[in-house]
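Hi,

Here is the structure I promised to pass on.

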Amino acid sequence: MSRFRVEFYECLYARADALFELTDAVLCADGPVKTLVELSLALEHRRGHGALYAALDRGWAEPARLRRTLAGLPLPKAADGRIVLAVDVSNWLRPDAPTSDDRLFCHVYGRGARSKDQFVPGWPYSFVAALETGRTSWVALLDAVRLGPADDATVVTASQLRGAVERLMQAGQWEPGDPEILIVMDSGYDVTYLSHALKDLPVVLLGRLRSDRVMLRDPGEARSGPRGGRPRRHGGALALARPETWHNPEVTTSTDTTRYGTAETMAWDHMHPRLTHRGPWLNHAKDELPVLHGTLIRLKVEHLPGDRDPKPVWLWCSATTATPADVDRWWQSFLRRFDLEHTFRLMKQTLGWTAPKVRHADTADLWTWLIVAAHTQLRLARPLAEDLRRPWERPAEPRRLTPARVRRGFRNVHAATVRPAAAPKPSRPGPGRPPGSKNKHRAKRHDVGKTVKRAASIKEHKAQQG
């Protein structure tokens with residue numbers, strides 16, 4: 001942990017002392033972080049509130065170096081020694097900030113009286129984390145990227161995952177002969193395109209499918225017409241919402257769980273989607289679209305908390321010829337993806353990730369990396385912290401503390417760690433704005449939304465290419 005603190009300090013290229021102590025204040029503050037100015041009152045923050053705001057405004061943390069540092073830390077692995085990564089997006093909502101740049105319309109649920117999905121302006125961030133096994137709320141954050149107005153989310157995710165996997169390989173976390181890295185994601189991602197974009201890496205992708213999708217079988221040896229001709233590329237269709245189109249699955253499993261009752265799965269091998277020249281596949285306009293084989297999985301559990309008749313979950317994995325053990329490992333790893341949601345809630349409600357009302361997107365990126373470094377220190381302090389529980393809380397098992405409980409006792413651990421930040425120098429506050437004067441330079445107002453429109457068809461894409 002002390003080694004990581006030194007390496008984190010070396011990643012801060014401007015205003016390093018103030019930013020480092022600000023991160024310590026986030027970890028050692030009493031109660032949840034609600035405002036930035038309250039952090040200047042923490043004992044670990046030896047500077048004034050002016051230095052705090054100046055550090056966020058003019059500070060600089062090098063993301064590339066910090067990413068390499070995170071990849072070199074000990075990572076959790078599955079029971080078979082496999083690294084399981086999860087990718088997901090969390091939104092920093094800024095609906096009342098018209099002077100903030102690079103805002104997008106973020107898709108959110110459960111806001112307002114109607115509790116329906118809405119589009120709220122904000123900054124969406126894509127996170128990559130390594131998952132643990134078992135029921136836990138811990139993950140190892142590896143990367144964070146803000147999606148900009150000119151970015152294609154699928155292309156950015158492919159680049160982000162490629163960079164994360166390559167850094168793990170360079171750090172010695174994965175070596176030839178080890179099990180392939182499993183990457184899980186929700187239905188908002190194009191898992192088929194990502195599997196094609198990352199096919200040269202030792203990864204297996206597992207993603208959730210919408211229940212209205214249609215998958216295709218292999219055509220076999222039959223020709224396209226009665227007189228022969230070109231072989232068929234696609235066989236019969238399997239509609240997820242129409243059981244009459246299902247054929248006999250190659251693998252079926254049944255597992256008794258303590259939380260969901262009996263979990264039953266059916267898996268069909270060598271199933272592929274029908275690709276069209278839309279979305280990220282527009283770049284393949286001159287080439288024939290590939291046929292991406294994978295394993296289609298239907299997961300049905302007996303019950304969920306608060307739901308006695310849950311709907312089945314459909315998954316698609318980029319690997320083929322799966323065994324029953326592979327299918328069980330895949331859907332159990334997919335359920336572990338929800339541990340990343342607990343991390344988002346901790347970052348927002350306890351560490352105060354979205355609490356500051358910063359104006360510029362660059363400042364939001366800097367603050368996000370400070371929160372990632374703070375969460376990493378909590379993970380490293382997990383075996384060192386004591387359980388300072390409240391009288392009404394249940395005792396936790398040894399080494400089973402939640403991130404919030406580890407933070408509660410982090411101040412005791414912090415006293416024994418390395419603190420590379422230098423002591424503050426005495427100074428006087430600046431004169432500030434003269435009394436009675438007004439700010440005549442109004443901040444620039446920015447529009448919300450995408451600045452680059454994706455072509456809706458291949459004809460429009462060719463027209464844009466000239």
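Setting aside neighbours within four places in sequence, threonine 276 is in contact with Trp281 and Leu289, where contact means heavy atoms within 4.5 Å. Threonine 276 sits in the loop between S14 and S15. Threonine 276 counts as partly exposed because its relative accessibility is 42%; buried means under 20% relative accessible area, exposed over 50%, and partly exposed in between, with a 1.4 Å probe and protein chains only. Helices (H or I, at least four residues) and strands (E, at least two) are DSSP runs, numbered from the N terminus.

Before you go further, please note that this is a predicted model, in which local features need pLDDT of at least 70 and side-chain atom pairs count only at pLDDT 80 or more, while totals for chains, interfaces and linings use all residues. Residues are numbered from 1 along each chain as its sequence is written, and side-chain values use heavy atoms, with hydrogens and water left out.

Threonine 265 lies in strand S14 (residues 261-271) and is buried, because its relative accessibility is 3%. Beyond four places in sequence, the contacts of threonine 265 include Val251, Ile297, Arg298, Asp328 and Trp331. Threonine 368 is in helix H10 and is buried as well, at 2% relative accessibility. Leaving out neighbours within four places in sequence, threonine 368 touches Trp92, Tyr125, Phe127, Ala144 and Trp353. The C-alpha atoms of threonine 368 and tryptophan 353 are separated by 6.7 Å, although the two are 15 residues apart along the chain.

Now to the packing. A nonpolar core here is a set of buried Ala, Val, Leu, Ile, Met, Phe, Trp, Tyr and Cys residues joined through side-chain atoms within 4.5 Å. The largest one has 85 residues, and Leu39, Phe127 and Trp367 have the most contacts inside it. Helix H10 (residues 361-380) supplies the largest share of this core, twelve residues. Another core, of 34 residues, lies apart from it and includes Ala130, Leu161, Ala164 and Leu238. As background, nonpolar side chains tend to be buried together in soluble globular proteins.

The grid has 1 Å spacing and covers the protein atoms alone: a cavity is a set of points where a 1.4 Å probe fits but cannot get out, a pocket is an open set with protein on both sides within 12 Å along at least five of seven lines, and lining residues have an atom within 4 Å of a point. Grid points are joined across faces, edges and corners, and a volume is the space filled by probe spheres set on the points.

How much space lies in the second largest pocket? The volume is about 1300 Å³. Its lining has 47 residues, and those nearest the centre are Tyr260, Phe334, Leu335, Arg336 and Phe338. Elements that give two or more residues to this lining include strand S13 (251-257), strand S15 (294-301), helix H8 (324-335) and helix H9 (339-349). H8 gives the most, with six residues. By class, the lining has 21 nonpolar, twelve polar and 14 charged residues, where Ala, Val, Leu, Ile, Met, Phe, Trp, Tyr, Cys and Pro count as nonpolar, Asp, Glu, Lys and Arg as charged, and the others, Gly among them, as polar.

The structure holds one cavity of 30 Å³ or more. The largest cavity has a volume of about 40 Å³ and is lined by Arg67, Leu70, Ala71, Leu142, Ala164, Arg167 and Leu168. Helix H5 (63-71) and helix H6 (153-170) are the elements giving two or more residues to that lining. Among the buried residues of H5 are Arg67, Leu70 and Ala71, and the cover over the buried residues of H5 includes helix H1 (2-10), strand S6 (139-146), H6 and H10.

Finally, the cysteines. A disulfide is a pair of cysteine sulfur atoms within 2.5 Å, and the count comes to zero. Cysteine 11 is buried at 1% relative accessible area, and cysteine 28 is buried at 3%.

Best wishes
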